[in-house]
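This report describes the salt bridges, the chain contact and the annotated domains of one structure. The sequence and the model are shown below.

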Number of protein chains: 2
Amino acid sequence: MPKYVYDFTEGNRDLKDLLGGKGANLAEMTGLGLPVPPGFTITTEACRHYLTEGGLPDGLSGEIDTHLAALERAMGKRLGAPDDPLLVSVRSGAKYSMPGMMETVLNIGLNDESVHGLAKQAGDERFAWDSYRRLIQMFGKTVLDIDGDLFEDALAAAKRDKGVPDDLDLSAADFQRLVETYKGIVREHTGEDFPADPRRQMRLAVQAVFSSWNAPRAVVYRRQERIPADLGTAVNIVAMVFGNLGMDSGTGVAFTRDPGSGRQGVYGDYLQNAQGEDVVAGIRNTVPLQDLERIDPACYRELLGIMETLENHYRDLCDIEFTIERGKLWMLQTRVGKRTAAAAFCIAVQLVDQGLIDLDEAVRRVTGEQLAQLMFPRFDTGADRRLITKGMNASPGAAVGKAVFTPARAKELADRGEDVILVRRETTPDDLVGMIAARGVLTSRGGKTSHAAVVARGMGKTCVCGAEELDVDAAGGRFTAPGGLVIEDGDVISIDGGTGEVYQGEVPVVDSPVVEYFETGRDGGEELVGAVDRLMRHADTGRRLAVRANADNAEDAARARRFGAQGIGLCRTEHMFLGDRRRLVEDLILAGSAGEREAALEALRPLQRSDFAAIFAEMDGLPVTIRLIDPPLHEFLPDLTALSVQVALAGDEASPRDRRLLEAVRRLHEQNPMLGLRGVRLGLVIPGLFEMQVRAIAEAAAERRAAGGDPRAEIMIPLVSAVQELEGVRDEARRILAEVGVAALVGTMIEVPRAALTAGQIAEAAEFFSFGTNDLTQMTWGFSRDDVEAAFFSRYLELGIFGVSPFETIDADGVGRLMTIAVAEGRRARPDIKLGICGEHGGDPESVRFCHRIGLDYVSCSPFRVPVARLEAGRAALAGGDSDTR
Amino acid sequence: MPKYVYDFTEGNRDLKDLLGGKGANLAEMTGLGLPVPPGFTITTEACRHYLTEGGLPDGLSGEIDTHLAALERAMGKRLGAPDDPLLVSVRSGAKYSMPGMMETVLNIGLNDESVHGLAKQAGDERFAWDSYRRLIQMFGKTVLDIDGDLFEDALAAAKRDKGVPDDLDLSAADFQRLVETYKGIVREHTGEDFPADPRRQMRLAVQAVFSSWNAPRAVVYRRQERIPADLGTAVNIVAMVFGNLGMDSGTGVAFTRDPGSGRQGVYGDYLQNAQGEDVVAGIRNTVPLQDLERIDPACYRELLGIMETLENHYRDLCDIEFTIERGKLWMLQTRVGKRTAAAAFCIAVQLVDQGLIDLDEAVRRVTGEQLAQLMFPRFDTGADRRLITKGMNASPGAAVGKAVFTPARAKELADRGEDVILVRRETTPDDLVGMIAARGVLTSRGGKTSHAAVVARGMGKTCVCGAEELDVDAAGGRFTAPGGLVIEDGDVISIDGGTGEVYQGEVPVVDSPVVEYFETGRDGGEELVGAVDRLMRHADTGRRLAVRANADNAEDAARARRFGAQGIGLCRTEHMFLGDRRRLVEDLILAGSAGEREAALEALRPLQRSDFAAIFAEMDGLPVTIRLIDPPLHEFLPDLTALSVQVALAGDEASPRDRRLLEAVRRLHEQNPMLGLRGVRLGLVIPGLFEMQVRAIAEAAAERRAAGGDPRAEIMIPLVSAVQELEGVRDEARRILAEVGVAALVGTMIEVPRAALTAGQIAEAAEFFSFGTNDLTQMTWGFSRDDVEAAFFSRYLELGIFGVSPFETIDADGVGRLMTIAVAEGRRARPDIKLGICGEHGGDPESVRFCHRIGLDYVSCSPFRVPVARLEAGRAALAGGDSDTR
């Protein structure tokens, strides 16, 4: 039978899986000899048993008895004894912190008898009755599932009856009466008396904590934070200490350094004569922790010593909860503390300089997501800002524009070239056109998985959602903020997608100093930039994955190289066919004869050649993977419906070219263009098209080499699903390369499920694979991103069908399995095959680590994400220590 | 070192892989003691070595010498000896017959000296010089790659010079002159003399036969016939015997029974004083084989005895080639003969009755494709028919209609309700609308993989292609047939897609007696129907796969049951929403409130209930798998472009409902509807939709049960890609079933690649899987059938990228691999899971065998294909003997 209960003296911080974060850290502190109230932890294993089997495991009760007896011996008291009772708290504590999500019950052990014992023991009758009513209130709400407002209302009524504003003004007798009222509420809502038996109180509280793991809000939170659903929570039974035993008592929280900047110093808050829940409730104002030096110098000194011990021991910023009971300091909790992105980088480097961690560990301590946050433009913190409210930081960035309240209005203003912020109560698929037109989106309802949040993230658009204080009146074209501020259609607002803040008027936006550093290589002496520089350099030395960029022109290529790209992993040639050249593509499509077609291709070739030459120049000496044309040809033609309406309305006056165009659009129209005539299929069906592109690449490379450069072209064939498609195209490409006299690899995208399933065959004809995970995700899941992201992704996230959109992070079970098959079978067939990824996932931290794990050679992403990918590739390679940064 | 050469006395018919069909059968006949000219076979292994390594294998030359020496000893002659030469033929012979595709050279061993020896030996100078010129002609064309017309022209010139019409009128001197002319042609075109050395002749001929394996026409043939490209051919070196040594000599072909009907008797042709090539060339008319009894009674009797021996030995219809040299019968070839579909069934049963084979073997001897051919309606063979020409049988069926020559005209007449046959030189994607409108398609160009053929097969439309004798003048609206017959636009023609025949006027169409038998169970005493009946019964007793039908209404269900279906594998509910009910679906889509939506659903429910009740009645006691609604909702609304134009043209007068509809159509419009909001996604997003359907199913089942029936509903959720999608829907379905008080399995389609890849997870929530191989093929290959079949399939077949369309036969490497994964992992997670297939592949013979191999429980196909699937399932289960029916 497993051991279900651990005394604090038995555990340690490595047992988080079993004891939860709180329990493991309490044990760790106990082991360090710090003043932790005695207690023990019931394991997550017991919780999992409870949740799956529907009852507490056999033997648990006996183990609890044993440990409780030991606790009673240690404290010299018995649980709930009438004269001098031991009281305990029952606190949840899962592996990952889930703030406010789980349940805690204090003062277990009080009843009509022991309340007198507590009064005598504390020498404070009012305290004892207040403690008792707190027990019934928390127990009633948490364990017995009674609406908490009933208790709050009764408390408010007691104060009202007495005509006082504050709990502190209530007397022992008032609380005693309140206890009776509370017991009445319990009886009325459960049909039973409040349980007086202390052991029954404890057992019910333990079960309630276990059950709270599956409370709806906990389920939603886990889904958002991507915490596995089956971990369960541990329960800590801790001897009560009281911060509300008078002015020589109190409670506080502290950080071992500033979580905002990483600077060392004393950061925290303290509240005299209070329990932790009073701090959380925000009923009374705390004082800065420094004031404790004046209030209780001995405890203050002891606390600073403990904080130093903890930081040195944990080798990281810790946050702490403590209580002082009549001049005696007790540590109630510690954990590695959350911090801002900037602080994460600074702290990691500071700890290296202090000799507490090495650079490997420092790189593991920061994340690509944090780096990405630091790269967004931001509002000037020095500027004058009028904060309206704060919502959820749903999609990062800093957006400024006129508030508009309908999608139509958003489009109207945007079409005039104005920046707008679309403000809605919540968004639906009908808002899509407005979201596309807007610089940012602000909603008053919905969380990070709401429609607005999901779609905005998909678009890379700034979004603040769930700003619940705002009253949005779309019909009236205005919203009302707290304090009565009204923002009307056309008024300028600024929203910060990284913090969730909403400002009135235009807040100036400044570029990120981190981006400036990447652009220029200069760190400007700023601590943050210096820290980023050191960690990036170290990540680069450690990583095995190369990082390339997706870039379609010389400008992007140059920026990518400044950002550290080691080549181009995806150069899309179709973007080169837009703008002025669209007419040439139309000529190609409308060509009525081989001669006309060849003429159209010949007109395009020199333009393509100069496109490629410019890119080779910027990427001299580095590989440049050029993908031959991929999209269906009708993408270069007008929209069928729009053109049909235009020609129909023009009647006899429609121009001949428009009529010919309409005919071509109709002919090329496809039901499902994503699954139509595109990629290698175009190359096989339209004579000369791929040939023209390959020749332009070869000629550009020859030109560059003649000029003394070192062009390294890689020709990539898109949308291959069978090796036979590739063979002919490859042979023709090789023939042209040989004719022009240059060398280039010829390889393929793996973006169709069948290509992955037959990778062993395809590798016979491909010198490299590049996973096109956008299309691969669409085809593996059978949904088109354009169509479904707006239509049902938010619903799917709500239902928990996705933990995260598979377009953001590679779906390991489905798409990832195909990739794993393709890597293994591709390498088996061609051991020196080059393997990379060029879908958007190439810049997603978790996906980069996945690519490292399955053994790719490189990832390729947008230039802006190159540093993120470099860092994550380094972290992946350096992993092995405790790299969990959740 | 492998053995590369086998004497005819060493091989046997089981060595076809190594010796090819011809070589193996010559060895078999030799072993039976039949009069086969001595010889030996060079193996396919030597050919494969030659083709991959570019040269003959080491040691082959020595082996040939050894066997040639033995042959010379046996014949008492030496190859090409001047006085009494041994002559040999060099004949190709691959594992599978490739008629006319491969090369043969006769009379090897002749040169300027040995021709005199042959003349002396035969006592016929003319014969000797004719043989010599034949050698140079065949050798020149086949081995030296000289245009054969040059030799034909010289022969024609010789006859013209002499003023005679026939080869037989040429003298020894004429042929001797011709030999000189031929040698001149060789010298002129190769720069070298015709090789006089007999061994060099032989070696070059062997190499030429090997090389002919990869001649373009052979490659195309193999692709069409789906013969693997890497088998290679064997070469047979056979002592020459001569049918052209006078009127006591001759050559012939024979069948051991009628390949058209299977009836026993003497079937064949004979030609006196001729070699086999003369029969093939059709220069002179053959006589019926019966006449041999008069010409050479001894040989006739011997031949009949040999035919009986062969049929008893091969236990099947054999075809035979033989030569009589001066009264001595020689067997040159035998093989299991080709036959019509009807003959295949009759012969198989006859052989059972003769005790030559058992019923297992008889079932293996017939194919589902043959059965399918027998089930098509056909032209009345008794009717008066005027054959115009014969093309290729590209897509079966019998179609009658007015000839039309443009797609627009096809649509115009079809819209008026007339039957049309679209006649084109060849078709392109632009013809699609016409092909859809037509009853059948006739082209004058292109083979079985041409655009017309591929698209017509995809549509299940009758097609004859490559009718090269027709001169199609689309602009003039007519075609001209041999003999000057002109068919104008509007003239009626009849085309037989099973035979490739084209008739003038209307040929009456009659139903297949086989279908009548399936419909009624009565065999009418016809031999064919009796044979089908016996073989179907035996297939049914042997098969492991159950066969169900795809049926959406009671009528189809009833027919399916008559055809032997053991349930319904796919009942599509969306077809039930068309017609009058479309308005209700529009109401559902246009619903502006929950109330309106519920009202629309409530209106649909009783209609759905009665749909299901009727199907349960027809399928009483058998499983009925009902798929909840699958297609995107906009399929029930008008087309976006058409409605946009309509509303735009109507201007202010457009009706409010049309405007609302247009708004809905725009809102629901998807870029890629196949990958959009459909299937389970609809169920999760539209409240009440799936619930209404499940309730209708449950209520219909309850109704049926109350009436004493035995309904067996299975509820199938479409388009699942993740188990999480399924769980909620399954739970709701179970709740409703429990409410109504009926039981039903709940399972899912496996039609998205990810579903197959995560089948282990999905099986936790699914009681059955049904592979939807249409969608699975589309997503695995990344192409939409509608879009690509017309656009590039024919090009892909031409290029050899497909051997066969993956929509016809399951692509084993890609789609099949996903199925194999899903079967293994689904069964591991839920050992009693039911596994089936309901894509169109369920009725394709090769795919049925694939489903048997991977261990499915059932296949489901259209009612009409049910007998085909039953037969193939039986064949798959009975396989093990020589079931290769190519």
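## Salt bridges

Over all chains of this predicted model, the count comes to 132 salt bridges, a salt bridge being a side-chain nitrogen of Lys or Arg within 4 Å of a carboxyl oxygen of Asp or Glu. One of them joins the side chains of E488(A) and R478(A), with an N to O distance of 3.8 Å. E488(A) lies in strand β22 (residues 486-488) and R478(A) in strand β21 (residues 478-480) of chain A, so the pair ties together parts that are 10 residues apart in sequence. Helices (H or I, at least four residues) and strands (E, at least two) are DSSP runs, numbered from the N terminus.

## Basis of the values

Residues are numbered from 1 along each chain as its sequence is written, and chains are lettered from A and ligands numbered from 1 in the order in which they are written. Local features need pLDDT of at least 70, side-chain atom pairs count only at pLDDT 80 or more, and totals for chains, interfaces and linings use all residues, while side-chain values use heavy atoms, without hydrogens and water.

## Interface of chain A and chain B

Chain A and chain B each give 53 residues to the contact, where contact means heavy atoms within 4.5 Å. About 4500 Å² is buried between the two chains, and carbon and sulfur atoms give 60% of this area; buried area is the accessible area (1.4 Å probe) that two parts lose on being put together, summed over both.

The rule finds 4 salt bridges across the interface. D811(A) forms a salt bridge with R754(B), their closest N and O atoms being 2.7 Å apart. Among the elements that give two or more residues to the chain A side are α28 (723-740), α32 (785-798) and α33 (815-829). The most comes from α32(A), with 7 residues.

## Relation of the two copies

## Annotated domain

An unreviewed UniProt entry places "domain: PEP-utilising enzyme C-terminal" at residues 531-874 of chain A; UniProt positions follow the numbering used here, feature names are shortened, and annotations may be inferred rather than shown by experiment. This span is 54% helix and 11% strand, and its end C-alpha atoms lie 15 Å apart.
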